[in-house]
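Hi everyone, thanks for coming. I'd like to walk you through a few spots in this structure, so please have a look at it first.

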Amino acid sequence: MDLEEAFQVVGEFGPYQKRAVSVLVLTQVYMACQSMLIVLIGFTPQYRIEQQDGVPSNQQELLQHVTFTEDVDSIVTEWFLIKQQAYKVSLAGSLFFAGLLVGNIIFGPLSDRIGRRPVYLTCLFFEVVFGYVTALAPSYEVFALSRFLVGLMNGGINVSCFVLTQEYVGKSYWAMTGTLVNMSFAVGIALFGALGYLVRPWRNLAIVANSSGVLFFLLSVALPESPRWLYSQGQTERAEEVLRYMALRNGNTANNLMLQRVGAAKAGNRNNRRAGVLQLVIHPVLRLRTMVLMFVWYACSLVYYGLTLGASDTSGSRYVNVAMYGLVELPAYPLCIYFINKHWAGRRKSMASFLCLAGSACLCTMFIPENTGTLLSVTSLALLGKLMVSAAFNIAYVYTSELYPTVIRNAGLGVCSMSCRVGGILAPFVPSMRALHASMPFTVFCLSGLSAGCLGLLLPETLNRPAAETLEELSSPTHSRVLESKALLYEDDK
């Protein structure tokens, strides 16, 4: 039998898979805390500089006359990151995202070669270690280096964790598990806001936020390797062992479970061994899909983070603001689950529609005066745009994992995630375009959302279609489409 038939015997989403996926999903809460850490521990309180005769000759002399007027404990107050040193707060945040970028490049292809589980566990272990280095850093330089290393490990966990939640379950549950991963990240952002309110000293906050990673690591040690990855690598016997173990824990009988040993599932298959980032360029189907997906992920990130920065001017408690930016994403995920499983919407149309709606929300902001009511204002439209692009982002994760074969899925997600980080890096510079025209930032977000939505329509639909396991399967008519054919759409409507 093939893998999908095997999951029907084992149970597509039985009790054991629910527990395994729950561990992976909850790990996203820990990752969200690490991602948002700099927002609270890098807070710059109000301060004053005492009057003095003459101009300070150096930074050290200036610091002797600085008094912070707010009772805040952060890296700014400990290392006096003000005036000429203020850029170091942003630098620490940039180093984290630079680590994410490098982690995606390194660990995505690596997990396709050596397995999802070893990459996931190794990265989680070292992220916890470097997280404690962050909390105990004796100097800013050590702190900054630790943030880069935490980001590096975070990038490895991000791709491997998401793929494992997909490959532990039957294909019909991929959309749900992918949505749960992204939803738990949004919940993690909100919980971090509450945690920051309860734990004020920055070192204590860093320790408490990082300690949950220890628990998740201990829970993750017992997780098995992905049976889909084992099968794609020709390790059929090991894949059968994992599937039988899952069936036993699910309460099902699978003593006679035997996977077919043909085609790319043979251990000696050379193309599977060569599957890597290079195949994304060489293979004609993968090359075109990757180009479209990279732009979609880039646009999602640019609009998402750009709108977040645009909405961050709201007054009030910084802890409430952090929580709000997480909670505003939650309504997007039920919308995703509903639309992407409908035959008249599917993955392709849903993702394109949400991107176009995000672009349209940005377009509408250009016609709204700055000082209007709370119901229809630039801020409310920006948050609506963020809601829409969050939905598109979530679908992009699920859709991308279905468009790539198992043997190269992590590499494909890694490359797309890399382009996503590029969008995140560029997003903070877009608001500076207000110098050209007040509406220029929203024009960029509008064009990005609309163009990515239109390009997304070029991809094939994957709803209710078997996932490709190997590169050879992309040669079949079912998987080789890059442009969605009208005949296929007609058949689906029937």
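Let's start with Phe126, which sits in helix α6; helices here are DSSP runs of H or I with at least four residues, strands are runs of E with at least two, and both are numbered from the N terminus. This is a predicted model, where local features need pLDDT of at least 70, side-chain atom pairs count only at pLDDT 80 or more, and totals for chains, interfaces and linings use all residues. Residues are numbered from 1 along each chain as its sequence is written, and side-chain values use heavy atoms, leaving out hydrogens and water.

Phe126 is partly exposed, because its relative accessibility is 37% (buried is under 20% relative accessible area, exposed over 50%, partly exposed in between, with a 1.4 Å probe and protein chains only). Its C-alpha is 6.8 Å from that of Met153, 27 residues away along the chain.

Now, which residues of α2 meet α6? They are Leu24, Thr27, Tyr30, Gln34 and Leu37, and on the α6 side we find Tyr120, Leu124, Glu127, Val128, Gly131 and Thr134, with contact meaning heavy atoms within 4.5 Å.

Over to α18, residues 378-403. Is this helix enclosed or open? Of its 26 residues, 23 are buried, so α18 is largely enclosed by the rest of the structure.

Last stop: Asn255, in the loop between α11 (236-250) and α12 (270-274). Asn255 is exposed, at 63% relative accessible area. Glu241 is 14 residues from Asn255 in sequence, and their C-alpha atoms are 10.0 Å apart.

Key. Expected span 1.5 Å × (residues − 1).
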